[in-house]
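Look at the sequence and the structure first, then read on.

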Amino acid sequence: MSDSSRPLLQACDVSKSVSGPEGRLEILSQVSLQIRPGESFAIVGASGSGKTTLLGLLAGLDTPDTGSIELDGHALQQLDEEARADLRRRLVGFVFQSFHLLPALTAEENVMLPLELEGVSAARERARAALDAVGLSSRRRHYPAQLSGGEQQRVAIARAFVHGPRVLFADEPTGNLDQRTGHHVCDLLFALNRDHHTTLVLVTHDATLAARCDRRIELEEGRVVPHDVSAHA
Amino acid sequence: MKMLLLALRSLRREWHLPELRTLAASLVLAVVALGVVATLATRIERGMLASAAELIGGDIGVSSPQAAPDAFVDKARQYDLQIARTASFPSVAFAHQQTQLLDVLASGPNYPLRGTLELADAAGHTRKGHAPTAGEVYLDHRALVALNLEVGQPLQLGGRELTIAAELVRQPDGGQLFALAPRALMNLADAEQAGLLGVGSRARHQLLLAGAPDAVQRWRDWAQATTLPQGAQLITPEQTQERMRTSFDRAGAFLRLTALLSALLAGIAIALSAQRYARRKTSEVALLRALGTSRRRVLGLLLGTLGALALPAAALGLLLALGLSQLAWLFASQLFGSLPTVLPLAPSFAAAAMGIAVLAGFALPPLVRLAEVSPVAVFRQSVTRRVRRFDVLYLIPALVALGLIWSQSSSLQLAGILAASLLGVAVVAALLAALLLWLARRIAPGAHPALRLGLAALARRRTLSLIQATALSLGLCALLLLAIVAPALLQGWRQELPADTPNWFALNLQDDQRTGFEHALAGIGGDQLNMLPLAVGKLTAINGAPIDQLHFEDERAKDWADRQLRLSWADALPPSNQVIAGQWQGAHPAQAEVSIDTMWRDMFALKVGDTLSFNVGEGSLDAKVGSIRKVDWSSFRVNFFLLLDPAHAGNLPHTWLASFHLPRGHATQLAQLSRDYSNLSLVDVDSLLDRVREIVDRVGNAVRWILGFSLLAGALVLAAALAASAAERRHEAALLRTLGARRNQLRVAAACEFALLGLVAGLTAALGAAGAGLWLGHAVFHIEGFVPPLWPLVFAALGAGFVVMLLGLVGTRKVTRTPPMRLLREG
């Protein structure tokens, strides 16, 4: 499954709609894409274009109405929520726009969470190593409220990487940060992507950030804009 | 006005919030519980007073050496009360060349106003009746036997010839267990015409009144504010026999205790919901403050919203309380016996006021503090408000709880015990929970993953876990007190009157009849036979000073000095007697000794070493006060105010008083015994025992009803505790699911979390309930040797912990199903 020529993640004719007060609303329509192992991939588009929905489907947080999604050879639409959770735990890491750290846990305990879910015994040591990697070893006993936004996002990145996922999904990772801090956080994400050979899928409306990715697609009203091309390698 | 409209609009928009609904439901429940219980308690109390009134023959009265002054009668007429006059005096009756001293009651035609006069005709058929008409008299069995008379025959009483119209079987007797002399009931006009009530007579007059409770109360208030004639005293239902009074007091304490615990439970639910509401509103208030709304206006808006919620909820609670009370009366008259028909409104209105006080007391602190949220909090949630180490506002719920305990228990002792117990439970629960959290941090790393997650969840919500554990402990403690300790106390109370409690007394047994009577009684199934000597005498002097030359402060003293006294003697201190001064005389003291009851000490200002002189029959006896006793008059044993030593009193002329137990249904055989020993007077105290047992049963039924409310209140506490952490749990569950946690992992973690919480709460509650039960049993209900049922408490506590776990799981079921996509949508 680790063959680098095979796509790690592929979506084929994926559509998703939701029912609202004014009937069915199509959020995604006929989206297809392929992402190779170790690749960095950006999904861009305006607000409401369906970026986050697509990210959720690719990460197995939800299932498409039609079409198929394969993550590391597993057809996500054929798996139930429990099996998808199992897959996420083993293969996936997340970074959110609002960090989503648990406020009552210290930085170190937040990073330990995925390892605790896995039942890993040396969780604390590995969490410390991960915090060290993002330059926060001195802040490991701090609670989220005692950290700046950039620091919180670095803790979130350490949490996303600590269990060695094959793919990292980042939803507007710099959306809540100033330009300079955002830049540092992005550097960190790409460094980890490079050093650990982790596939990076990120949703952003920041053109500069998208430009740093190997490839990108643009969504508009739930459809892939046809002029999408591969970016620089 | 503008503010009120704004508050109403805010309430309408926020009505979907679970904490506001819990807040409203808790208030409704508090009002309903307090209202229904107070109404039931009032009705039961009135019922008890009514049955006490049956013992007196009226709702209230005045007893005096002369006929009550006209002012008392006029006032009674003004309040539209029924009036009956009676007079009691000793008098000698003649018939068939025989004489007999009788206790005579002379009464007007409408006596008794309450209770019944039970009469028997010549054939032995019983009926209910009123006082005899002029020229007629009723005699009791002892009088008929003593004078060798039958119904229909004449006798001479007070110089008049009267016809015995019926045998007097039972009469309202003020709750006296038995009279000294045989009794007669005659017409008051006859007694007056015979000059039996004139100047110098030893008659005691009674003015008895009856009517609507309010009117009786008004008359009572008036009479208590008026100077009573010398030697006069009010006759009130509360003054009826000590045995009944203890039962009334205990019954009232039980009912108030149960209502109070339900209300406190509702208070806890209110406190938790208000806390949650305040937390939810923090960012909104920060925004309002940032947009320039003054602190005062924010506070006004918050209080307006609370008020807009409280008033309709309290009104609904009030209506429900009235409705349920009425329903209870309609459908449960068998449970509660003959309740008075008028639905008392005041208790429900008072309950609504108390409910609002509970809401205000428990909900105000977090809301008032909420108004202090800093506008900076719109940027940074951690900067919400100044953290205080000690917040004086949080004394308000404690004060409201204390006030409620005080108002409901109306006894400093009961209030103190409850407050101390609940405070103890709260402190122990908080300490245990803190210990658990401390342990959680240390155990978690090496524990099973699910347990680790559960422990981590507890530790994550440290403050909330402490609040939840304390609230649940208090709630469970209240429930255990109601469900296990209260029935055990009732059982203990009931056991004070075991099935073989002596239910018959035989008076007038002679020395030579003792052995025969004992055999005959055993033959018809009687047991628990106890015989005591009984001499009838009169107090003649104290420390050598003749009694009629002495003046006493206590009004009762003169009355007792005039009376025929019952004297007995014993070599050992009888059960339910306790020597509190001096030393018990034993069988052979050097000189004659008497042991007196505390009432005698107080009435005659006596002390150990004083000498009392008695005339008994033809002889006299000087006895030194050797000891002073405290007597438990609520026991159904025969007790005496005066106990002499057997060595010096044994030769006084006396008869024997026998008490024994005879199973129900053996009364026919007893009739034969009664014919064989015709001089005996048999007194059945089953009815008195039944009345006490009936009170215990009524209270037991009422407690069961109220337990239903408490269970609801307990469920609300748990719901409020769950709701308080629901949003946090949902967010957490979504995050953990996103990170790959299995649903089962979340469920087991939640189960571990709630099981630990339930365990802490259950065990603390069991300890608290046992402690409070022990304390209440001894200090308030005076049940000798009462031990709360420990094992049932422990099992119930473990069960309750299990139920907390199950309910917690059910409550978090939705949470474990939180779709992980939610987190991405939240940003």
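## A buried histidine

A residue is called buried if 20 or more other C-beta atoms lie within 10 Å of its own. The model described here is predicted. His205(B) has 22 other C-beta atoms within 10 Å, so His205(B) is buried.

Where does His205(B) lie? It lies in strand β10 of chain B, which covers residues 204–210. Setting aside residues up to four places away in sequence, His205(B) touches Ser64(B), Gln66(B), Ala67(B), Ala68(B) and Ala87(B). Take Ala68(B): this residue and His205(B) are 137 residues apart along the chain, yet their C-alpha atoms are separated by 7.3 Å.

In soluble globular proteins, nonpolar side chains tend to be buried together. Here, the largest nonpolar core has 208 residues. Helix α21 of chain B (residues 743–780) gives the most to this core, with 19 residues. Domain 1 (1–56 + 248–410) and domain 3 (412–499 + 685–827) of chain B each supply at least three residues.

Ala263(B) is among the residues with the most contacts inside this core. Neighbours within four places in sequence aside, Ala263(B) contacts Ala30(B), Ala33(B), Leu34(B), Met354(B), Val358(B) and Leu404(B). A second, separate core has 53 residues, including Ala93(B) and Met186(B).

## Two helices in chain A

Helices α3 (residues 107–118) and α5 (residues 149–161) of chain A pack with their axes 7 Å apart, at an angle of about 30°. That angle makes α3(A) roughly parallel to α5(A). Their crossing is right-handed.

Residues making the contact include Ala107(A) and Leu113(A) of α3(A), and Val155(A) and Ala158(A) of α5(A).

Key
Residues numbered from 1 in each chain as written. Chains lettered and ligands numbered in written order. Predicted model: local features only at pLDDT ≥ 70, side-chain atom pairs only at ≥ 80, totals over all residues. Core = buried A, V, L, I, M, F, W, Y, C linked by C-beta atoms within 7 Å. Buried ≥ 20, exposed ≤ 12 C-beta atoms within 10 Å, placed from the backbone. Helix = DSSP H or I, 4+ residues; strand = E, 2+ residues; numbered from the N terminus. Domains from an automatic or database assignment. Contact = placed C-beta atoms within 7 Å. Axes fitted to C-alpha atoms, helices over the stretch in contact; angles between N-to-C directions. Parallel < 35°, antiparallel > 145°, perpendicular 65-115°, else oblique. Left-handed = near helix turned anticlockwise from the far one by under 90°.
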